Amino acid sequence: MARFWAPYIDDKWFPLLKELGGAQGDEARASIVEKIFEGLVLLEEAFVKCSKGKALFGGDNVGYLDIALGCFLGWIKATEIMTGIKWLDETKTPGLVGWAERR
């Protein structure tokens, strides 16, 4: 499972954050924002499956996905400040919110 999600984070999801910075117009920006949130919902589902109710993607131990997504927490927080959009939202991604707070 980690071998699927790590490349998804690197190759599909994170590039959307970079794309957002160069988006031209409100419609393009809104489309990218929607895709980012869709990706986070998918990552929330992966977290629930991988963690099995524990604190980390790897359960009790730091796993590959904890490292793969954890590397982007700084970028997530920076884009929250730059865009004014709260990416990790307690209502949409409660597992990821808790996971990020423990990082």
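Mentor: Contact here means heavy atoms within 4.5 Å. Please keep in mind that this is a predicted model.

Trainee: Which residues of α2 and α5 meet, then?

Mentor: On the α2 side they are Leu 40, Leu 43, Glu 44 and Phe 47, and their partners in α5 are Pro 94, Gly 95, Leu 96, Trp 99 and Arg 102. Sorted by class, this contact has 6 nonpolar, 1 polar and 2 charged residues.

Trainee: How do the axes of the two helices cross?

Mentor: Helix α2 spans residues 26-51 and helix α5 spans residues 94-102; their axes come within 8 Å and cross at roughly 75°. Angles of 65 to 115 degrees count as roughly perpendicular, and α2 and α5 therefore fall in that class.

Trainee: Which residues in α5 are buried?

Mentor: Gly 95, Leu 96, Val 97, Gly 98, Trp 99 and Ala 100 are buried. The elements covering the buried residues of α5 include α2, α3 (64-70) and α4 (73-83).

Trainee: A change of topic: how many disulfides are found in the whole structure?

Mentor: The search finds 0.

Trainee: Lastly, what does UniProt list for residues 1-103?

Mentor: An unreviewed UniProt entry lists "domain: GST C-terminal" there. Over residues 1-103 the chain is 71% helix and 0% strand, with the end C-alpha atoms 21 Å apart.

Terms used
Residues are numbered from 1 along each chain as its sequence is written. This is a predicted model: local features need pLDDT of at least 70, side-chain atom pairs count only at pLDDT 80 or more; totals for chains, interfaces and linings use all residues. Side-chain values use heavy atoms; hydrogens and water are left out. Axes are lines fitted to C-alpha atoms, for helices over the stretch in contact, and angles run from 0 to 180 degrees between N-to-C directions. Helices (H or I, at least four residues) and strands (E, at least two) are DSSP runs, numbered from the N terminus. Angles under 35 degrees count as roughly parallel, over 145 as roughly antiparallel, 65 to 115 as roughly perpendicular and the rest as oblique. Ala, Val, Leu, Ile, Met, Phe, Trp, Tyr, Cys and Pro count as nonpolar, Asp, Glu, Lys and Arg as charged, and the others, Gly among them, as polar. Buried means under 20% relative accessible area, exposed over 50%, partly exposed in between (1.4 Å probe, protein chains only). UniProt positions are given in the numbering used here, feature names are shortened, and annotations may be inferred rather than shown by experiment. A disulfide is a pair of cysteine sulfur atoms within 2.5 Å.
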